[in-house]
Amino acid sequence: MKKVIVIGCPGSGKTTFSVKLNEITGLPLYHLDAIWHKPDKTHIPREEFDRRIKEIFSTDKWIIDGNYNRTIEVRLEQCDTVFLFDLPVEICLQGVSERIGKGRYDLPWLEKEPDPEFEKSIREFPETSLPKIYNLTEKYKDKKQIIVFKLREEADFYLSDLSDYMR
């Protein structure tokens, strides 16, 4: 495991998992939200975003945290390990709700209130994004290690086992 992507519904625990995976493995961690978003709540141009991802690919080791559906396949092509968070919508909505008002290292501003449009995208994620993600992981299943978490506890157990193994 040297080139890792962590994908799944917003609020599912991807970033928390990625940080802990970084702490255990020492693999450099890149948050796509931190790359994409500017502090003024705008974002960088797509071309610059794509260039920055390609710069990450040019290195030997990394963890890339985040969805950005447009770039999932190119990241699947480059990685050796995929962690997919496929948690119930209610858990993801709760995860987003719990981070309101808290500083985040992957987002350059403080979320002060729920975003109805963002919540709608989470509710629609199982129908709009997840089937495409599963189709892509199926395409690469013979070439990549793909680990799917249906519960946060599964991710916690994985990290615990990995931590024990790395000692």
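**Cysteines and aromatic rings: a colleague's note**

1. Let's start with C9, which counts as buried because its relative accessibility is 3%, under the 20% limit for that class. Please keep in mind as you read on that this is a predicted model.

2. How many disulfides does the whole structure hold? The search finds 0. For C9, the closest cysteine sulfur belongs to C92 and lies 3.8 Å away, too far for a bond, since a disulfide needs the two sulfur atoms within 2.5 Å.

3. C79 is likewise in no disulfide: the nearest cysteine sulfur, that of C9, is 20 Å away. With a relative accessible area of 3%, C79 is buried.

4. On to the rings, where the structure has 12 aromatic pairs. One of them joins F57 and W62, with 5.5 Å from centre to centre and 40° between the planes, a tilted arrangement. Both F57 and W62 are buried.

5. Another pair to look at is F85 with F149: the ring centres are 5.1 Å apart and the planes meet at 65°, so this pair is edge-to-face. It connects distant parts of the chain, as F85 sits in strand β4 (residues 81-85) and F149 in strand β5 (residues 145-149), 64 residues apart.

Technical notes:
Residues numbered from 1 in each chain as written. Predicted model: local features only at pLDDT ≥ 70, side-chain atom pairs only at ≥ 80, totals over all residues. Heavy atoms only, no water. Buried < 20%, exposed > 50% of the residue type's maximum accessible area, 1.4 Å probe, protein only. Phe/Tyr/Trp six-rings, centres within 6.5 Å; stacked < 30°, edge-to-face > 60°. Helix = DSSP H or I, 4+ residues; strand = E, 2+ residues; numbered from the N terminus.
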